[in-house]
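Have a look at the structure first, and then let us walk through it together.

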Amino acid sequence: MSGPRVGREPPQPATVQTVEELVRHRLSDALGGRRGVLEGIVPTLGFTLVWITTEQLKLALAVGGAGALVVLVLRLIQRSSIQYVMNAIVGITIAAVFALRSGEAEDAFLPSIIYNAAYFVVLAFSALVRWPVMGFLVGSVTGDPTAWHANKQIVQLCTTLTWLLALPCLVRVIVYLPLWAAGEAGWLGIAKITMGWPLQLLALAAMGYVLARNHTPLEEEKPAE
């Protein structure tokens, strides 16, 4: 039940003129739309509702997994992308391994805590050393993974965006960890549902605001000779 993951894609030629346009396009692709968001919630919602009402760990995990499989079957029938569903299936599988090994329901959320903590550390470190992760997203589209770093405007913009992407991970760890330590599996499920995609969308809205206010060219303009 870990957070969403952005799949890697081969470099593509840039068809946009500004960094802001490029990032907006890539973030839109990564989210998978409203359906992708809802599909990511299904396993956690099923697990949480069953655990709160029955406190049966195996049953709760089975319902969470079954929910993800139902969504997968619907995708296959419609012959649409299963990328976001597979993220959910991998997440509930890892969660089940952790919970079943210990026999404690709260351990189903331990992978999510570890994921968010690690994700925050990577994003924060990249921003602090001025090689922000969001900059490599720009490089993956322009075809040169590091050329963007020569443009101070792009570095500054991508550093700000990287911090905005990292903050939800930190907030989740601050909230989840005490609940996990207290063995509050039900509250963990509720927190994950309310602080998963909603918090991510809030961060993306903040990123959208930043992107709307700036118009940074993909290539630094050369002074006229």
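A nonpolar core is a set of buried Ala, Val, Leu, Ile, Met, Phe, Trp, Tyr and Cys residues joined through side-chain atoms within 4.5 Å. Please keep in mind that this is a predicted model.

With that definition in hand, the largest nonpolar core has 20 residues, and M134, L161 and M207 touch the most other members.

| Helix | Residues |
|---|---|
| Helix 5 | 110–128 |
| Helix 6 | 133–142 |
| Helix 7 | 152–181 |
| Helix 9 | 197–213 |

Helix 7 is the top contributor to this core, giving nine residues. Another core, of 19 residues, lies apart from it and includes F47, L57, A108 and L188.

Helix 3 deserves a visit of its own. Its 22 residues, 57–78, reach 32 Å from the first C-alpha to the last, close to the 32 Å expected at 1.5 Å a residue. Buried residues of helix 3 include L57, L61, G64, G65, A68, L72 and R75.

Finally, the surface. V90, I94, V97, F98 and I114 form a nonpolar patch there, with about 370 Å² of accessible area together. Helix 4 (residues 83–102) provides the largest share of the patch, four residues. V97 lies in helix 4 and counts as partly exposed because its relative accessibility is 44%.

Conventions. Residues are numbered from 1 along each chain as its sequence is written. This is a predicted model: local features need pLDDT of at least 70, side-chain atom pairs count only at pLDDT 80 or more; totals for chains, interfaces and linings use all residues. Side-chain values use heavy atoms; hydrogens and water are left out. Patches are made of residues with over 30% relative accessible area and no salt bridge: like charges are joined within 9 Å, nonpolar side chains (Val, Leu, Ile, Met, Phe, Trp, Tyr) within 5 Å. Accessible areas come from the Shrake-Rupley method with a 1.4 Å probe; for residues, only the protein chains shown count as cover. A salt bridge is a side-chain nitrogen of Lys or Arg within 4 Å of a carboxyl oxygen of Asp or Glu. Helices (H or I, at least four residues) and strands (E, at least two) are DSSP runs, numbered from the N terminus. Buried means under 20% relative accessible area, exposed over 50%, partly exposed in between (1.4 Å probe, protein chains only). The expected span of a helix is 1.5 Å times one less than its number of residues.
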